[in-house]
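Colleague: I want to learn how to read the features of a model like this one. Please show it, and then take me through it step by step.

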Amino acid sequence: YVTKITVMQRSRGETSFPVLLSSKMNTVFAFFPSRLLDEASPSSTSSYEMVDEESVPDPYKDVQPHWFFCCRADDSTSWLPFSREDSDKLENTYTTGNQDEEVVIAVDGERYDVHVKERKRYAVYWEQAPTEVRRCTWFYKGDKDTRFMPYPEDFSKMLEDAFKEAVTSDQWKKKIDFPTGETVIIHNPKLIMQYQPIGLQDDWISSPSEQTRPRTVKRGVDSIPIDIPDGEPDKVDHLVFMVHGIGPACDLRFRSIIQCVNDFRSASLSLLASHYKRAQQDGLVGRVEFLPVNWHSALHGDATGVDEDIQRITLPSISRLRHFTNDTLLDLFFYNSPTYCQTIVDTVASEINRLYALFKQRHPDFNRAVSLVGHSLGQYCANRELNKDCTLEITDNLLFTDLKDLGIPLGPRKKILNYIKRRWLPEVRSYSTINKPIFLTKSSFSQVSIDYPQLAFQPQAFFAFGSPIGMFLTVRGLKRIDPNYTFPTCKSFYNIYHPYDPVAYRIEPMIVSEVDLEPMLIPHHKGRKRMHLELKDSLTRMSMDLKNNVLGSLRTAWQSFARMPVAALPSVEEGETSADANPQEAQGVCVEAESSMNAEQTENSEIKMGMLNGGRRIDYVLQEKPIESFNEYLFAIQSHLCYWESEDTALLLLKEIYDKLGVAFEQPQQ
């Protein structure tokens, strides 16, 4: 409604100021002489004013800035906000420091550094192109945009100056033309629109309704719908290095190991907030830091030149499939190659040591434990590092080939091989105090030796995601793992897999081969089984109970039929006695079946799993989703890549880590 009108003056000499009060509109109408208005404004005309007491504009307040960083992926650009703690640190540095000097601020758990003057964000632990950083105050959103985007800082400053002028002068519908051609109209504090330059529109568009729709403009981050992440705790309770598998992509969206580990870290932070809420409030829990270990770029980079050599012999047909094969599947052959296997092992060990040294440099007070996570082939690479102090590389095919070249017949070749295994294998395993492992070198039967670098720490636990290590050990002739065997530098080992993962294999049957033992079912992070698994278990129990009841009834009927003549009718006492006895027999059958099941579970719990995981269970299986249970073949590949986004997997890691720290786990209320 109108807050100011101009009307005709009644008489020039009127001195009284009539006032009308409208009870419906709560508005005061005051008639002021024109000479008083002329004193207040030299350019004012002879008029009366209508003053609205409710429309007094709010005083101007400075906008609260928030810092954003740019994220580019797949030809798309998005701006993500820093946490409030990081944004406040950047803003304090910007306002209090000298803007001519470069200041570096650590953000995102000290995994990135922001150069405030340069407005760039640099990664600390991995190679990544620097991203742009903005101090944002004004935002816009078009019809096709999914979120608000921040304006550049100079454009936002011009908008803020115009908005300040409109508020202080109380003059709205202000039109602002920018040198780039954009036009912004400030209708009121809540309605601000931006119109695209006319030159960017098509020439045949004539009417205003056919022009490009305007953008919605908002002032301040509090006026836009956006989720600002919570800041990460400064205290690091545990450090985990995550080694990827074959290929540069780690999931079906072809994301890198860096992006997948970022998602895994975010899931762990949310689980800590929900499942360790009380411990966080008491200051007992900080956070777990996850850092990616990338070895694929070192193998396929310019240092080895293997990509160029492979490209020369690659056929030109089905180029996309061949490129995928060269970039992904060939990593398996590279690992079995004597030349490139050494490159992979050196890269994994040196990268882990580099990341650990850099982490200690940025966190000098860190004195907690460190763990390793390996996915697929990355698990096998890390496993070789942990097992290097007692590794004996013996390949039967190479030994047989060398002995055959010497002209030795098949029978003596087998005897020589068995003699070597009996005589040398215990001798090599007895070397437990040396740092460098012993191998069969080329001078002895031409076995290629791999020099395993030493890690700068001893891991507390080793978590395998979708591990093929059971298959690798089996095809190399190892049928059974000694129950007393442990990693020389790691005391805990967990084999985590999805039930439909085509690459994963079990470990426990190689330790306890005489018992068919089911793997440990990983609980759902919400504290229950998935609905379809609960229904499946309920139906199984119902069928077992029904089967036991039917068998019990048939057994009772047959015993009654065998005891009495066919033509004889039982007396009332006998009928009552038999009727009382039959339920007891049927109940006895059920109790017997239930006791057998309990005895079996007790027996399974008492089975010793060896010392590979300190006597505890080793194989842990995830619960498949309901949609995955319809067709296990359709979700096979996805099952091998699901661990990075699995909250159940992240919660299992957190439980094992904080159990060793003595922090209690609490299930949130649903």
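Colleague: Which residue in the turn between β7 and β8 has a positive phi?

Modeller: Arg119, at about 60°. β7 and β8 form a hairpin with 4 residues between them. Some ground rules come with that. This is a predicted model: local features need pLDDT of at least 70, side-chain atom pairs count only at pLDDT 80 or more, and totals for chains, interfaces and linings use all residues. Residues are numbered from 1 along each chain as its sequence is written, and side-chain values use heavy atoms, with hydrogens and water left out.

Colleague: What counts as a strand, and what counts as a pair?

Modeller: Strands (E, at least two residues) and helices (H or I, at least four) are DSSP runs, numbered from the N terminus. Two strands pair if DSSP finds at least two bridges between them. Strands of a sheet pair through backbone hydrogen bonds, either parallel or antiparallel. Here, 4 antiparallel bridges join β7 to strand β8 (residues 120–123). Asp113 stands opposite Tyr122 in β8.

Colleague: Which strand does β6 (residues 104–107) run antiparallel to?

Modeller: β7 (residues 112–115), through 4 bridges. Val107 has Tyr112 as its bridge partner in β7. This pair also forms a hairpin, with 4 residues between the strands. In its turn, Asp108 has a positive phi of about 55°.

Colleague: Which open sheet has parallel pairing?

Modeller: The one of 7 strands, in the order β17-β16-β18-β19-β20-β22-β21. β18 (residues 370–375) and β19 (residues 462–465) pair over 4 bridges in the parallel sense. There, Val373 stands opposite Phe463.

Colleague: Now helices. What span does α3 reach from its first C-alpha to its last?

Modeller: The expected span of a helix is 1.5 Å times one less than its number of residues. α3 (residues 153–169) has 17 residues and reaches 24 Å, close to the expected 24 Å.

Colleague: Which residues of α3 are buried?

Modeller: Buried means under 20% relative accessible area, exposed over 50%, and partly exposed in between (1.4 Å probe, protein chains only). The buried residues of α3 are Phe155, Ser156, Leu159, Glu160, Ala162, Phe163, Ala166 and Val167. They cover an arc of only 170° around the axis, so they sit on the same side of α3. The arc is that of the directions from the helix axis to the C-beta atoms. Asp154, Lys157 and Thr168 are exposed on the other side of α3.

Colleague: How many salt bridges does the structure hold?

Modeller: There are 24. Each is a side-chain nitrogen of Lys or Arg within 4 Å of a carboxyl oxygen of Asp or Glu. One joins Asp86 and Lys89 (3.7 Å, N to O). These two are 3 residues apart in helix α2 (residues 84–96), about one helical turn. Asp86 is buried at 8% relative accessible area, and Lys89 is partly exposed at 37%.

Colleague: Which side chain does Arg119 meet in a salt bridge?

Modeller: That of Glu153, at 2.8 Å, N to O. Glu153 lies in helix α3 and Arg119 in the loop between β7 and β8, so the pair ties together parts that are 34 residues apart in sequence. Glu153 is partly exposed at 25% relative accessibility, while Arg119 is buried at 16%.

Colleague: Where do Glu289 and Arg111 lie?

Modeller: Glu289 is in strand β17 and Arg111 in the loop between β6 and β7, 178 residues apart. Their side chains meet in a salt bridge of 3.1 Å, N to O. Glu289 is buried at 1% relative accessible area, and Arg111 is buried at 5%. Salt bridges that share partners join Arg111, Glu232, Arg265, Arg287 and Glu289 into one network.
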